[in-house]
Amino acid sequence: MKTNFNKLHEYLFFIFVFFLIIFFIRSATYNFPHFSSSAEDDSSASSTANQEGELREDSSNPSSSSDDTSEAPKILIDAGHQKEPDYSRENAAPGLNSKVYKVSTGAQGVSTGVWEYELNLAVALKLESALKDLGYQVALTRDRHDIHITNKERGEMAKEVGADILISLHADGSSIASAQGVSVLSPAANVSFIDEARADTSKTLSTFIVDELAKSTGARNRGVHFRNNLSILNWSEVPTSLVEMGFMSNVEEDEKMQTEAYQEKLAQGMAKGIHKYFNSIADSEE
Ligand SMILES: [Zn+2]
């Protein structure tokens, strides 16, 4: 009996050490401070304070930005929206008092009934592997639906994770059922809160993406549109493109966008556009 008792102790000790190791590995490799807890969802007072104050301080932390130029460019992919909307408001842009909704669930497929936040994440994961295949570093703003990140936070996250560009995935909705095609929304150049150089590089990026997207999918090319009222575009400090991958209000496009094959075409088209953008930068620096 005594031997068994000692063995039991030995066994429990090994389990304890095992979990200790797992715990340390997890805390050492966790990159995204704002993902770590869903407690943010319910703690209204402290989470507001975080959104307004702490994030700005984080984004100026030099340790989070990459200064090693030999590394492959890093792309932050945002799967637009999330399962639970938050219709409280946040500042639409730095230094601006106008407020916008923090985050919504987005459009819904007129035929499939699938929500936009679901489609966006499905394509985001395909884009992630397409970009990794091309040798890029990739980070995601979210990898699940049950999460709380506002559009402002998604924009700010680009700097926090040391991303070179931010790509936000969305799908359109319209009261005109026949409306279809791909478009890219890009930061406007004529407003005080958007840096002109960033508007310019974003335009180059957005143009490459929409052109390659139309080529790979055969969808109608609706072009690049310049916006100053989207908080993710306004709060990002890196070149940013918000991609509208198709219309969920159009039966044909809604159904197509729910197929693996079409999602793969969307991912490949965007990856190619992003690749052309980085090649064009490399060329102009030579
Ligand atoms: Zn959307």
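Biologist: What covers the buried residues of α8?

Modeller: This is a predicted model, so each reading here concerns the prediction. To read the cover of a helix, begin with its buried residues and then ask which elements they touch. In α8 (260-285), the buried residues are Y262, Q263, L266, A267, G269, M270, A271, G273, I274 and Y277, and their cover includes β1, α3, β5, α5 (196-217), β8 and α7.

Biologist: Why are residues three or four places apart of interest in a helix?

Modeller: An α-helix has 3.6 residues a turn, so residues that are three or four places apart point the same way. With that idea in hand, look at α3 (residues 116-133), where E116, Y117, L119, N120, L121, V123, A124, L127, E128, A130 and L131 are buried. Those residues pack against β1, β4 (137-140), β5 (165-172), β8 (240-247), α7 (251-257) and α8.

Biologist: How many helices and strands does the protein chain have, and how much of the chain is buried?

Modeller: The protein chain has eight helices and eight strands, and buried residues make up 39% of its 286 residues. Among contacts between residues at least 6 apart in sequence, 80% join residues at least 24 apart.

Biologist: Where is the pLDDT below 50?

Modeller: Start with the whole chain, whose mean pLDDT is 83, with 76% of residues reaching 70 or more. Over residues 27-69 the pLDDT is below 50, and this stretch has 27 contacts in the model beyond near neighbours in sequence.

Biologist: What span should the residues of α3 and of α8 have at 1.5 Å a residue?

Modeller: The idea is to set an expected span beside the distance between the end C-alpha atoms. For α3, the 18 residues should span 26 Å, and the end C-alpha atoms are 26 Å apart, which agrees. For α8, the 26 residues should span 38 Å, and the end C-alpha atoms are 38 Å apart, which again agrees.

Biologist: At roughly what angle do the axes of α3 and α8 cross?

Modeller: For a pair of helices, read the approach of the axes, the angle and the handedness in turn. The axes of α3 and α8 come within 8 Å and cross at roughly 50°, and these helices are therefore oblique to each other. The crossing of α3 past α8 is right-handed. On the α3 side the contact is made by A122, V123, K126, L127, A130 and L131, and on the α8 side by Q263, E264, L266, A267, Q268, M270, A271 and I274.

Biologist: How do α5 and α8 cross, left-handed or right-handed?

Modeller: α5 passes α8 in a right-handed crossing, and the axes of α5 and α8 come within 7 Å and cross at roughly 145°. The residues that make this contact include T204, L205, F208 and I209 of α5, together with Y262, L266, M270 and I274 of α8.

Biologist: Is I165 buried or exposed, and which residues are in contact with I165?

Modeller: I165 lies in strand β5 and counts as buried because 23 C-beta neighbours are inside 10 Å, where the cut-off is 20 or more. Leaving aside neighbours within four places in sequence, I165 is in contact with I75, L205, V238, P239 and T240. From C-alpha to C-alpha, I165 and S236 are 9.1 Å apart in space, although 71 residues separate these two in sequence.

Biologist: Where is I232 placed, and which residues does I232 touch?

Modeller: I232 belongs to helix α6 (residues 231-235) and is buried, with 26 other C-beta atoms within 10 Å. Not counting residues up to four places away in sequence, I232 touches D78, N151, R154, G155, S168 and L242. N151, R154 and G155 are among the buried residues of α4, a helix (residues 151-160) that is mostly covered, with ten of its ten residues buried.

Biologist: Which residues have a positive phi?

Modeller: G135, which follows α3, has a positive phi near 95°, and G162, which follows α4, has a positive phi near 75°. Phi of H81 is near 70°, a positive value in a residue other than glycine. H81 is found in the loop between β1 (74-79) and β2 (86-91), and H81 is buried, with 26 other C-beta atoms within 10 Å.

Methods. Residues numbered from 1 in each chain as written. Predicted model: local features only at pLDDT ≥ 70, side-chain atom pairs only at ≥ 80, totals over all residues. Helix = DSSP H or I, 4+ residues; strand = E, 2+ residues; numbered from the N terminus. Buried ≥ 20, exposed ≤ 12 C-beta atoms within 10 Å, placed from the backbone. Expected span 1.5 Å × (residues − 1). Contact = placed C-beta atoms within 7 Å. pLDDT = per-residue confidence, 0-100. Axes fitted to C-alpha atoms, helices over the stretch in contact; angles between N-to-C directions. Parallel < 35°, antiparallel > 145°, perpendicular 65-115°, else oblique. Left-handed = near helix turned anticlockwise from the far one by under 90°.
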